[in-house]
Amino acid sequence: MSIPHLIMSASTVVQLVMLILVIGSILSWVVIFQRTFVLRRAHRAHQAFEERFWSGVDLNELYRETPSEQETLGAEHVFRAGFREFNRLMAKTKSADAILDGVQRSMRVAWSREEERLTLHLVFLATVASASPYIGLFGTVWGIMGSFQSLSMAQQATLATVAPWIAEALIATAMGLFAAIPAVIFYNRLSSESDRMLGKYEDFAEEFHSILHRNLQGRSEAGAA
């Protein structure tokens with residue numbers, strides 16, 4: 001009645017269910033560690049860039065210091081996309097509204113890419129969290145069916161006849177919960193942290209948009225004078 005013996009002696013269907021649950025659990029932990037690392041890196045990068053941005057550095061100098069678009073992260077990516085569009089439109093049009101609309105669209109695209117990067121593979125965690133209990137339940141139902149079949153073929157119904165089938169069924173249920181519970185917990189946690197970071201990026205985009213708006217107003221007033 002040891003757990004390894006019950007797993008090895010389980011029916012093929014129940015063993016397949018357990019294998020699926022083990023693979024799902026392992027992959028979910030890989031996603032959990034990988035997403036945790038990505039979010040910590042994003043948090044550190046955001047803090048470093050905001051300190052640099054609000055230190056009073058010239059925006060043109062800051063733009064030149066930022067890496068290429070493929071290497072930037074978070075608010076730095078949003079800043080680079082917006083300021084690049086700002087410089088491009090400044091050379092083509094004098095309409096402040098057209099310039100600001102173009103900057104806003106460019107920053108919105110950069111923000112969407114950051115959202116995709118931060119939430120990557122979280123859907124898999126949600127799938128494991130929701131599907132694992134049902135997969136384990138299927139193994140449980142199959143094991144109970146086996147116990148009834150063994151009862152129908154037994155001349156005398158005893159606990160020893162059905163105990164192995166019920167035990168392997170309960171193991172399948174336990175493995176389903178083992179895979180689902182961490183996935184649920186970390187999906188909620190990682191989703192919350194991702195939303196918090198995306199909120200910070202959105203706040204930065206609004207503040208940067210306001211800075212560019214004041215910059216254009218200052219130029220218009222200087223030109224009118």
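Glu202, Asp203, Glu206 and Glu207 form a patch of negative charge on the surface. Such patches take residues with over 30% relative accessible area and no salt bridge, and join like charges within 9 Å. A salt bridge is a side-chain nitrogen of Lys or Arg within 4 Å of a carboxyl oxygen of Asp or Glu. Asp and Glu count as negative, and the charge is placed at CG of Asp or CD of Glu.

This is a predicted model, in which local features need pLDDT of at least 70, side-chain atom pairs count only at pLDDT 80 or more, and totals for chains, interfaces and linings use all residues. Numbering starts from 1 along each chain as its sequence is written, and side-chain values use heavy atoms, without hydrogens or water.

The protein chain has seven helices and zero strands. Helices are DSSP runs of H or I with at least four residues; strands are E runs of at least two. Glu202 sits in helix α7 (residues 159–224). Asn188 lies in helix α7 too.

| Residue | Relative accessible area | Class |
|---|---|---|
| Glu202 | 44% | partly exposed |
| Asn188 | 47% | partly exposed |

Asn188 and Leu122 are 66 residues apart in sequence, with 9.5 Å between their C-alpha atoms.

Of the 225 residues in the protein chain, 39% are buried. The protein chain exposes about 13100 Å² (Shrake-Rupley method, 1.4 Å probe). Carbon and sulfur atoms supply 62% of that area.

Notes. Patch = residues over 30% accessible without salt bridge, like charges linked within 9 Å, V, L, I, M, F, W, Y side chains within 5 Å. Buried < 20%, exposed > 50% of the residue type's maximum accessible area, 1.4 Å probe, protein only.
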